[in-house]
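Biologist: Let us go through this model together. Please start with the charged pairs.

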Amino acid sequence: MTFLLSVIIAETPNPFKILQQSINRFNNQNISFICDIRLQSLSKEPINLNFKFHSYWPDSLNQYNYIKFYSPIDYKGTEIWSHYNSQILIKKRMPINNKIVIVENDSQNADLINFFNFVDIFNNIKNNNLSIDEIKLNNKIVYKVNSYENSSNKKTISFYIDKDNFSIYKVEWKNKRGFLNKILLFQDWAEIDNNNFPSKIIYEDIKKGLKTTCVLSDIIFDNLDEEKVDLIKVGFIIDD
């Protein structure tokens with residue numbers, strides 16, 4: 001009986017390790033893509049954005065991101081840089097004055113950069129209570145990792161994670177009453193340079209009536225040439 005119990009305990013998945021592995025899945029991998037974003041709200045006309053994105057890891061502790069907008073016209077030529085280590089630093093340069101300035105973390109530009117980064121989410125919930133289940137999602141058995149604070153088990157963040165490659169398929173945020181507030185979907189998956197990667201991302205803030213749809217193309221891993229690295233170095237001093 002003791003042996004059987006120890007086997008069952010040993011085989012129970014660790015939600016913290018699974019969540020950590022899924023969020024850190026692309027650490028130390030440089031990546032580039034073109035992104036077409038459609039921003040929709042109940043009160044405004046849709047906005048379409050197009051930009052190039054580069055992510056660069058000079059070492060295992062530092063990640064640098066770079067965005068350059070090509071449309072719409074009032075965004076064209078605007079550049080945004082971000083640096084992630086123990087803190088987050090975001091900078092921006094607009095063609096109108098060609099000056100690089102620091103961006104506040106709660107600005108719209110910061111939201112756009114952080115949209116492609118799960119580190120903040122993980123840091124905010126890693127000390128919460130975690131539970132794990134196996135459920136069926138799109139005809140596939142996946143892990144469902146739930147994060148919740150001690151005071152409420154209804155206010156949760158749920159991650160739907162592939163059991164084999166730890167891809168995150170969906171994230172859901174529920175409020176204290178258990179109602180769905182926000183949802184993040186990753187769709188149109190493909191094998192790219194031996195990585196399972198989505199080419200479509202949908203983020204919906206149900207409470208605010210906002211929806212963001214991202215379509216990614218020209219996705220390339222670990223192929224940042226010197227020209228692209230130099231673009232990132234313009235915003236930050238990176239030691240070689």
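Modeller: This is a predicted model. With a cut-off of 4 Å between a side-chain nitrogen of Lys or Arg and a carboxyl oxygen of Asp or Glu, the number of salt bridges is five.

Biologist: Which residue meets Glu-79 in a salt bridge?

Modeller: One of the bridges has an N to O distance of 2.8 Å. It links distant parts of the chain, with Glu-79 in strand S4 and its partner in strand S5, 14 residues apart. The partner of Glu-79 is Arg-93.

Biologist: Is Arg-93 buried or exposed?

Modeller: Buried means under 20% relative accessible area. Glu-79 has 8%, so Glu-79 counts as buried. Arg-93 has 17%, so Arg-93 is also buried.

Biologist: How many residues apart in sequence are the parts that Lys-163 and Glu-134 tie together?

Modeller: Lys-163 and Glu-134 form a salt bridge, with their closest N and O atoms 3.1 Å apart. Lys-163 lies in the loop between strands S9 and S10, and Glu-134 lies in strand S7, so the pair ties together parts whose separation in sequence is 29 residues.

Biologist: What is the relative accessible area of Glu-134?

Modeller: Lys-163 counts as partly exposed at 30% relative accessibility. Glu-134 is partly exposed, and its relative accessible area is 45%.

Biologist: Which residue does Lys-228 meet in a salt bridge?

Modeller: Lys-228 is partly exposed, at 21% relative accessible area. The N to O distance is 3.3 Å, and the partner is Asp-225.

Biologist: Now a lysine with no salt bridge. How far from Lys-144 is the nearest side chain of opposite charge?

Modeller: Lys-144 is found in strand S8. Beyond four places in sequence, its contacts include Ser-131, Asp-133, Phe-159 and Tyr-160. Lys-144 is buried, and the nearest side chain of opposite charge, Glu-172, is at 5.1 Å.

Biologist: Which residue has a side-chain oxygen reaching a backbone nitrogen at the start of H2?

Modeller: The backbone nitrogen belongs to Phe-16. The oxygen comes to within 3.0 Å of that nitrogen, and its residue is Asn-14.

Biologist: Which residues are exposed on the other side of H5?

Modeller: The buried residues of H5 are Val-229, Ile-232 and Gly-235. They cover an arc of only 105° around the axis, so they sit on the same side of H5. These buried residues pack against strands S2, S3, S4, S5 and S6. Exposed on the other side are Glu-226 and Glu-227.

Biologist: What separates the C-alpha atoms of Ile-90 and Ile-80?

Modeller: Ile-90 is in strand S5. It counts as buried, because its relative accessibility is 1%. Ile-80 is ten residues away along the chain, and the C-alpha separation is 7.2 Å.

Biologist: Where does pLDDT stay under 50?

Modeller: The mean pLDDT of the protein is 86, and 86% of its residues reach 70 or more. The stretch under 50 has zero contacts beyond four places in sequence, and it covers residues 2-10.

How values were computed
Residues numbered from 1 in each chain as written. Predicted model: local features only at pLDDT ≥ 70, side-chain atom pairs only at ≥ 80, totals over all residues. Heavy atoms only, no water. pLDDT = per-residue confidence, 0-100. Contact = heavy atoms within 4.5 Å. Polar contact = N/O pair within 3.5 Å; in protein donor to acceptor, adjacent residues only side chain to side chain. Helix = DSSP H or I, 4+ residues; strand = E, 2+ residues; numbered from the N terminus. Buried < 20%, exposed > 50% of the residue type's maximum accessible area, 1.4 Å probe, protein only. Lys, Arg positive; Asp, Glu negative; His and termini not counted. Arc of directions from axis to C-beta.
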